[in-house]
Amino acid sequence: MTRDELRSKLAEFKLETRGVKDVLKKRLKNYYKKQKLMQKEPTDGDSYYDYICVVDFEATCEEGNPPEFIHEIIEFPVVLLNTHTLEIEDTFQQYVKPEINPKLSAFCISLTGITQDIVDKADTFPQVLQNVIEWMRQRELGTKYSYSMLTDGSWDMSKFLNIQCRISRIKYPTFAKRWINIRKSYGNFYKVPRNQTKLTIMLEKLGMNYDGRPHSGLDDSKNIARIAVRMLQDGCELRVNERMHAGQLVTVSSSAPLEGAPAPQMPRYRN
């Protein structure tokens, strides 16, 4: 290794170390701030969501993701996080049969671990969405309990779900029109740049390792839930920061009222 290469590596190491230190300092500062607030006034448990539904879709893909390729959802997972106990209370997972590109690429199979046989035996998206909604209703979300959706980035709702609803000729479900983008929440709360908010990096900075198989929708969702738990413990009030409006992604102001998602209903078919 040359002297210049050694200097470059040392600079990278210092940058990574500083990133970890910055998050740790922010976490410690928020811990003491939270302790002071708890001493001053009791927390109003009724003002926050009872549950957070973590969703991380897996979709059809090709190596290099050519721009003309149409992504279809092939795994629909939901992880139900109880914000009072900070425990994962339940999970949902179903695979989906793609319609436009029914044959998965070798790249997609290798990346997600989802085989051709799995999607061939799966239901199409409208039926899986109906199953998700029934599962959510059984847990009284939006009726007895308030809740919010949460994703790792904007794409799950604004791209994958949006495109899938058009493919399946159904309207966009109202319960998924507003959500918490945890990458944005993490970056704002711990004051770190966008390139430090990938799933594995967020886990690492919070002192955790990825648990499970990367790019399994359910395992990704569980790990995202672990990050959400740590952030709530550190005093972050995770709240809706993105929404869909007229088919477009819109940022929600942090000063907007805290609103839970509506009771889930099956959307109507498009004309």
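Biologist: What comes after helix 4?

Modeller: Glu140 follows helix 4, and its phi is positive, near 60°. Helices here are DSSP runs of H or I with at least four residues, strands are runs of E with at least two, and both are numbered from the N terminus. Bear in mind that this is a predicted model, where local features need pLDDT of at least 70, side-chain atom pairs count only at pLDDT 80 or more, and totals for chains, interfaces and linings use all residues. Numbering runs from 1 along each chain as its sequence is written, and side-chain values use heavy atoms, with hydrogens and water left out.

Biologist: OK, how many residues does helix 4 have?

Modeller: Helix 4 has 14, covering residues 125-138. From first C-alpha to last it reaches 20 Å, close to the 20 Å expected at 1.5 Å a residue (that's 1.5 Å times one less than the number of residues).

Biologist: Switching topic: where does Ile182 lie?

Modeller: In helix 6, residues 182-190.

Biologist: Why does Ile182 count as buried?

Modeller: Because its relative accessibility is 0%. Ile182 touches Leu150, Thr151, Asp152, Met202, Ile224, Ile227, Ala228, Met231 and Leu238, leaving aside residues up to four places away in sequence; a contact is heavy atoms within 4.5 Å. Take Ile224: the two C-alpha atoms are 8.1 Å apart, though 42 residues separate them along the chain.

Biologist: How much space lies in the second largest pocket?

Modeller: About 940 Å³, counted as the space filled by probe spheres set on grid points joined across faces, edges and corners. A pocket is an open set of points on a 1 Å grid over the protein atoms alone, with protein on both sides within 12 Å along at least five of seven lines, and lining residues have an atom within 4 Å of a point.

Biologist: Which lining residues are closest to its centre?

Modeller: Of the 35, those are Asp56, Asp152, Trp155, Arg183 and His215. Strand 2 (58-59), helix 2 (106-112), helix 5, helix 6 and helix 7 (199-205) each give two or more residues to the lining.

Notes. Buried < 20%, exposed > 50% of the residue type's maximum accessible area, 1.4 Å probe, protein only. 1 Å grid on protein atoms, 1.4 Å probe; cavity = no way out; pocket = protein on both sides within 12 Å on 5 of 7 lines; lining within 4 Å.
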